[in-house]
There are 2 protein chains.
Amino acid sequence: MITIEPVEGLPEIREGDDLAALIAERAELRDGDVLVIAQKAVSKAEGRVVRLAEIEPSAEAGELAAGEDPRRLEVILRESRRLVRTRPPLVIAETRHGFVCASAGVDSSNGPEPDTVVLLPEDPDASAARLRERLRELTGAEIGVIVSDSFGRPWRQGTTDVAIGLAGVQPLVDLTGERDPAGYELHATVIALADELASAAELVLGKTRGIPAAVIRGVDAAGEGTAQDLVMPRERDLFRGEEPGP
Amino acid sequence: MITIEPVEGLPEIREGDDLAALIAERAELRDGDVLVIAQKAVSKAEGRVVRLAEIEPSAEAGELAAGEDPRRLEVILRESRRLVRTRPPLVIAETRHGFVCASAGVDSSNGPEPDTVVLLPEDPDASAARLRERLRELTGAEIGVIVSDSFGRPWRQGTTDVAIGLAGVQPLVDLTGERDPAGYELHATVIALADELASAAELVLGKTRGIPAAVIRGVDAAGEGTAQDLVMPRERDLFRGEEPGP
């Protein structure tokens, strides 16, 4: 059996907070558990917050804004390595980490104060590794940590949560070469375990209830890797989505 | 707390099996539970199995096969409404239901015998509704049912499970207009609840262990809708992926 427990009672996270300590006080962690924490809490603790008052929008940001706040679009452009699709003010972009998502992961909701936006962590795998290390220090438990975010998908409505950073968790489970019960060899069956864990945790994370973390118990997920392993390599990507050329 | 329990000890499913009865004998179902069942078990019970020996491949199937079995490609073409991307023998297609996935959902593994492939159910929402009705009859429990399948995603490695059919489950949770703890109104925040439930269940479904069903308890997911609500409407789809024109 798998259980998923919300970490309840966390305060509003501020820059410099010891997130691991706040969690360790509120969750009983055991070896093998997976802690899933929403990117926004991590980003806020790391001070990845931008005041729009300090942003000077470019002409490109103005065009993409389509009447919305061009400063927000300017931040999105700065966080983007490449624009994948645009339908102003909607921008699907590849972030500097290689993730393809709406607004390059820049989020206007749940900011620490009005007129701020929250960026993705600089290096979400490193964030996960630091949290894991600090939680081991505080609790002695050998756990996995996933930093999650809500991404839209082509062709399907709504967001599902995915892993944008991880530590001590196997990102992918490769069944290639294993056999199903009928003896048929499974070809190219790779399961995005860390993304499924992130989605499972989202079932208890409340965007409106202020619950940014959950503990999953009972999944054999311990392993090595990074969230970069979940990014499709360029040469295998059938959906690079070039912008219309010049 | 959420719990996810595998339904263990199910036999290999055959055409005509009373899937609901087989599950009811092995799982204790309560009001509010969500039963997630792998598409393949449903398809096999419904006889959605094709013998490749009976398939005459077209020239197009031969080209797409790139040396693999052209009869399998022929079945994929027949199940497709539209090809989205091809890199022979890999085909990403839109199924007649509107789902975009590899091989139009046609699966060669876990077939009931060698040289058979398994198709998606004709109408997975109807399959879910029938299972739900029959389980209510057998157990008295008012549950939700999701028929799940493993889909790949653009830009990300590995598959996650999604809902291709459902009954008694809210497919999407729309938070638009609700406020986060900071009082910021959430714009365009729609969560694909049914897909997250499918992914959560996959954590206990064993492709190699022959466990095709799981029971999720503790999620407030009861509601109306169909898996068609999870399909992005054509006019909002930024990734229609037209094939190269004539």
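User: How many bridges pair S1(A) with strand S1 of chain B, and in which sense?
Analyst: This is a predicted model, where local features need pLDDT of at least 70, side-chain atom pairs count only at pLDDT 80 or more, and totals for chains, interfaces and linings use all residues. Residues are numbered from 1 along each chain as its sequence is written, and chains are lettered from A and ligands numbered from 1 in the order in which they are written. Strands here are DSSP runs of E, at least two residues, and helices are runs of H or I, at least four, numbered from the N terminus; two strands pair if DSSP finds at least two bridges between them. S1(A) and S1(B), residues 2–6, are joined by three bridges, and the sense is antiparallel.

User: Which residue of S1(B) stands opposite A:Ile2?
Analyst: Look in S1(B), the strand that pairs with S1(A). Opposite A:Ile2 you'll find B:Ile4.

User: Which element gives the most to the side of chain A that touches chain B?
Analyst: Contact means C-beta atoms, placed from the backbone, within 7 Å, and chain A and chain B put in 53 residues each. Elements giving two or more residues on chain A's side include strand S4 (80–87), strand S9 (156–167) and helix H6 (193–202). With six residues, the top giver is S9(A).

How values were computed:
Contact = placed C-beta atoms within 7 Å.
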